[in-house]
Amino acid sequence: MQSKICALLGIKYPIIQGGMAWIADASLAGAVSEAGGLGIIAGGNAPREVVQAEIRKIKKITDKPFGVNIMLLSPFAQDIVDLVCEENVPVVTTGAGNPSKYMARFKEHKIKVIPVVPSVALGARMEKIGADAVVVEGMEAGGHIGKLTTMSMVPQVVDALTIPVIAAGGVGDGRGMAAALMLGADGVQVGTRFLIAKECTVHENYKARIIKARDVDTTVTCQHFGHPVRTIKNKLTREYDQLEKKELRSDTPDLEKFEKMGQGALRKAVVEGDIDYGSIMAGQIAGLIKKEETAKEIIESYMNETKEIMASRCSHWIK
Ligand SMILES: O=C(O)COc1ccc(-c2c[nH]c(CNC(=O)Nc3ncc(Sc4ccccn4)s3)n2)cc1
């Protein structure tokens, strides 16, 4: 399937794996790129040498295109920008902020830049400063989210921009991918479904919790203080909710308490498998995902389902 995204990035299928902080390492990203999608290594909050090690590893796993996600809230963001330039990383996605100040650097090094945007305005700003495409991520997604849904934001960004649009947030199988393409997207970014890929090195407890998840099992914490983040409900989110209720009543809310509660929480879930007090970042689509598969099996099922839907299920009413 040749979409604008495949031509732009030199990949076989228009499926990008989300650069999930602490989770998207060379093992997962390498398997996704090898299977014809675009694997993305997470910069997250990691220092330069950690991300550099993953870049070196993926170059040994695959000679196909791959990317690095730069999480712009990271204290090491500038170091990772320098790193992707030095390592000739072909594609960069950015999240949790506005990458304008780095754009000239990326273009100078012929890096394809795909910012994640939570609104039409930011998408238009990114196109104006030279982004090659945008990921339009709805609030159905896991992790740090904006306020708009995928279904409503994608067509509005498609109408407002000329560069390719990649839909993200709630795209859990070929039905979601076909829907995204119908809305005008040229490809999709997939996070939660790849969390339970066999090559994903996240703790087994994390994977088991995703597989057990129902449609109503995620919640958004820190909506009023700090950065809204979607995770699976657990003891940590209940503590967050209590703290938010308390601080909302205060004239001088203490943001430090939220920072402290969140510190190391993602690592607790991903590395230690603490599903009670770790931050189990996952999208609303977690309830659809029932089994662990290889990245190749996941990508091929998206493509086969999407092609079947585009070729048949729609044709019976389009006469
Ligand atoms: O500067 C402005 O105008 C605001 O710009 C933006 C505002 C938000 C976004 C945005 C929303 N979602 C994304 C892409 N997705 C993500 O970045 N998802 C993430 N998950 C976990 C992350 S690590 C983290 C981050 C915050 C708190 C705790 N942990 S980052 N980008 C992008 C740009």
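This is a predicted model: local features need pLDDT of at least 70, side-chain atom pairs count only at pLDDT 80 or more; totals for chains, interfaces and linings use all residues.
User: Welcome me in with the helices: how are α3 and α4 oriented to each other, roughly parallel or roughly perpendicular?

Analyst: The axes of α3 (residues 48–61) and α4 (residues 77–86) come within 10 Å and cross at roughly 30°. Angles under 35 degrees count as roughly parallel. Therefore α3 and α4 are roughly parallel to each other.

User: Which residues of α4 make the contact with α3?

Analyst: α3 passes α4 in a right-handed crossing. On the α3 side, the contact is made by R48, V51, Q52 and I55. Their partners in α4 are D79, I80, D82, L83 and E86.

User: How many charged residues are in the contact of α3 with α4?

Analyst: The residues of this contact include four nonpolar and one polar. The charged ones number four.

User: Is α8 oblique or roughly parallel to α14?

Analyst: Helix α8 spans residues 174–182 and helix α14 spans residues 295–313. Their axes come within 7 Å and cross at roughly 55°. That angle makes α8 to α14 oblique.

User: How many nonpolar residues does the contact of α8 with α14 have?

Analyst: From α8, the residues G174, R175, M177, A178, L181 and M182 meet α14, where the partners include Y302, M303 and E305. Two residues of the contact are polar and three are charged. The nonpolar ones number eight.

User: And the ligand: which residue has a polar side-chain atom 2.9 Å from a ligand nitrogen atom?

Analyst: 16 residues surround the ligand, with A96, G97, V116, E137 and H144 the closest. A96 has a polar backbone atom 2.9 Å from a nitrogen atom of the ligand, and so does H144. The residue with the polar side-chain atom at 2.9 Å is E137.

Terms used:
Residues are numbered from 1 along each chain as its sequence is written. Side-chain values use heavy atoms; hydrogens and water are left out. Axes are lines fitted to C-alpha atoms, for helices over the stretch in contact, and angles run from 0 to 180 degrees between N-to-C directions. Helices (H or I, at least four residues) and strands (E, at least two) are DSSP runs, numbered from the N terminus. Angles under 35 degrees count as roughly parallel, over 145 as roughly antiparallel, 65 to 115 as roughly perpendicular and the rest as oblique. Contact means heavy atoms within 4.5 Å. Ala, Val, Leu, Ile, Met, Phe, Trp, Tyr, Cys and Pro count as nonpolar, Asp, Glu, Lys and Arg as charged, and the others, Gly among them, as polar. A residue is near a molecule or strand if one of its heavy atoms lies within 4 Å of it. A polar contact is a pair of N or O atoms within 3.5 Å; within protein, one must be able to donate a hydrogen and the other to accept it, and residues adjacent in sequence count only if both atoms are side-chain atoms. A crossing is left-handed if the near helix is turned anticlockwise from the far one by less than a right angle, and right-handed if clockwise.
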